[in-house]
Amino acid sequence: MQASQCFYLCSQSHAWNPRAQSPTLHRVRPPTTTTTSVRFTPPISAVATPLRHQKTHSMPPEKAEVFKSLEGWASQCVLPLLRPVEQCWQPQSLLPDPSLPSQDFFDQVRALRDRTADLPDEYFVVLVGDMITEEALPTYQTMINTLDGVRDETGASTSPWAVWTRAWTAEENRHGDLLKTFLYLSGRVDMLMIEKTVQYLIGAGMDPGTENNPYLGYVYTSFQERATFVSHGNTARLAKEGGDPVLARICGTIASDEKRHENAYSKIVEKLLEVDSTGAMLSIEDMMRKKITMPAHLMFDGQDPRLFEHFSAVAQRLGVYTAHDYADILEFLVGRWGLEKLEGLSGDGKRAQDYVCGLAPRIRRLQERADELARKMEPCGVKFSWIFNKEVKL
Ligand SMILES: [Fe+2]
Ligand SMILES: [Fe+2]
């Protein structure tokens, strides 16, 4: 691949692509000389250098009281947005049934494989990337438990914030399980490379810039849950158009969980805007200035140091998740939180309000210019280990 011929790589300096933020990856290699030392040698892995955000504990300690005082409200208004386990779907109800006699089970697997036959490889690149993002769930539970005032202090805390986080994690856990089993049965993807990518990604963590600050954390999760709702909704649409209604139902079912989670996290931010309008407004501004980093931005498969950029470029081209979606999500949240009409803000708060409310149109204008430039450039192809090193156009 000639980088100079590649639209995506060449247009990065112009494109306002929120997903193209992958830092340069630096491989930590074992020493090349033999040594008798028993010192621990790190395995070959992707380590992002430098990470963008390493600021910690930015919420003034007294603000932790805000979350303490909202515990009753959270129990009444947030916890009901969880589904009781007995009413939840489970991956098994959307997959071939292994309890059937062998032949019937094999028939169901064959039907699954037949249904995916017309879906292109590039679709699988995006579905795998979405699945890997879901599979890094330990990182997200860890991230939420970095947040001061809402973390699960014991592992089984009865605080409604901790109860929410554990049950949210348990709901999310079904997403990766379902997609991974589906992909395994489909035979269309290289499970070994996918499993490696998941191991690298969980080892690498994430760098969302939330600073142990639950104001920032809940702005981030509100945005992210909507982004995953959009992304899974689009893979559902493409599966349906590609002739696989069962996969469409799988992605659609996951998308509807994401929507419910988005609703919960945006409700929390809405409440923060009510009790501390300036503090919450400044936090929204802070996260939007940093740009929302996608949770799997440190992904690596042991081969492609620009894997996340490449995956994002395919997702953008297929219309599964684009820079326009990023602007749409921002615009949606501005409306959902009534930010344009928010009153009682300090001077800083008003400046933050102006910035956030004017941001989506600016992103759109920049992206339209980038799209225009991109149309004039030659597309290029990249090989993905996840699909047995077949090449996909970016
Ligand atoms: Fe999910
Ligand atoms: Fe989610």
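Student: What should I know about the numbering and the model?

Tutor: Residues are numbered from 1 along each chain as its sequence is written, while chains are lettered from A and ligands numbered from 1 in the order written. In this predicted model, local features need pLDDT of at least 70, side-chain atom pairs count only at pLDDT 80 or more, and totals for chains, interfaces and linings use all residues, with hydrogens and water left out of the heavy-atom side-chain values.

Student: Which residue coordinates both iron ions?

Tutor: Glu 172 does, and ligands 1 and 2 are 3.4 Å apart. Glu 134 is in helix 5 (residues 121-135) and Glu 172 in helix 7 (residues 160-186), so the pair ties together parts 38 residues apart in sequence. Helices are DSSP runs of H or I, at least four residues, numbered from the N terminus.

Student: Are Glu 134 and Glu 172 buried or exposed?

Tutor: Buried means under 20% relative accessible area, exposed over 50%, partly exposed in between (1.4 Å probe, protein chains only). Both are buried.

Student: How many aromatic pairs are there?

Tutor: Rings of Phe, Tyr and Trp (its six-membered ring) pair if their centres lie within 6.5 Å; planes under 30 degrees apart are stacked, over 60 edge-to-face, the rest tilted. The structure holds 14. Phe 223 and Tyr 326 have centres 4.8 Å apart and planes at 50°, so this pair is tilted.

Technical notes: Donors are N, O and S atoms within 2.8 Å of the metal (3.2 Å for Na, K and Ca); water is not among the atoms, so sites may look incomplete. Helices (H or I, at least four residues) and strands (E, at least two) are DSSP runs, numbered from the N terminus.
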